[in-house]
Amino acid sequence: MNSNPYEGPVVLGDDPSVGPEVQIDYPGYRSTRWRAPGRPLVPLPEEFHRLDGPVFGEQALQQFDNDLTRQHEGEPLGERIIVHGRVLDEGGRPIRGALVEVWQANAAGRYRHQVDDHPAPLDPNFSGGGRVLTGDDGGFRFVTVKPGAYPWGNHENAWRPAHIHYSVFGRGFTQRLITQMYFPGDPLFPYDPIFNSIRDPRSRELLIARFDIDQTQPEWALAFEWDIVLGRGGNGTTPLEEER
Ligand SMILES: [Fe+2]
């Protein structure tokens, strides 16, 4: 038996009698109850699935979109880090030209957002948002500061492990995938129902970046490597939020 308090009895995906609302409504992660569909899904018109446009290109990016430490006059406080990786398909082939967007709390664990009012300081030199297009090898790289843990009120003494939110767009607006990247060795992992809403421990590991000494730059920044592997779940593919 796993002693993890969030290892509940919910079946994810492998029981055809379980509807999507049960799969998305995760016990212990309170707001999933409100987000999970309570009624049958509505098929969208075919034109909503068009893949020939709109599409993204280099013109969608600003100069410092991939460097969250240079978007203001001064540098943000915190531990400067480099995050890099590749977006791949299940066969290990690179996904080129994918728009990777990130958003995160500052080093003190505070989001620049009106609903985040917990008593940690905002940083005037940190907005917490970035974007980059993958290259021919599916690679992306950005510079930021390591986000802090933050309380989130889900239950008594609830704190999120440090994480960066990711969105990956495919060829158009209708292809968008959302997930989170974590940092190795975080002591909050066993207590976080969001992290543990991914049932398979091996899949959870796929959301944790690897410390990368080779890309770490002396006197400047630690580096972390994290690949995003797109697929229909399992087989080493990155868990996505729709699957929870
Ligand atoms: Fe977050």
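## Buried residues in a predicted model

A residue is called buried when its relative accessible area is under 20%, exposed when over 50%, and partly exposed in between, using a 1.4 Å probe and protein chains only. By that rule Tyr111 is buried, because its relative accessible area is 15%. His163 is buried too, with a value of 2%.

This is a predicted model, in which local features need pLDDT of at least 70 and side-chain atom pairs count only at pLDDT 80 or more, while totals for chains, interfaces and linings use all residues. Residues are numbered from 1 along each chain as its sequence is written, and side-chain values use heavy atoms, with hydrogens and water left out.

## The iron site

Which protein atoms are the donors of the iron ion? They are Tyr111 (OH), Tyr150 (OH), His163 (NE2) and His165 (NE2), at 2.0 to 2.1 Å from the iron ion. Donors here are N, O and S atoms within 2.8 Å of the metal (3.2 Å for Na, K and Ca); water is not among the atoms, so sites may look incomplete.

Along the chain, the donors follow the spacing Y-x38-Y-x12-H-x1-H. Tyr111 sits in the loop between β2 (99–103) and β3 (129–133) and His163 in strand β7 (residues 163–169), so this pair ties together parts 52 residues apart in sequence. Strands (E, at least two residues) are DSSP runs, numbered from the N terminus.

## The sheet

Strand β7 also belongs to an open sheet of four strands, ordered β3-β2-β7-β8 with antiparallel pairing. Two strands pair if DSSP finds at least two bridges between them. The edge strands, β3 and β8 (176–182), each pair on one side only.

β7 and β8 pair over seven bridges in the antiparallel sense. The iron donor His165 stands opposite Gln180 in β8.
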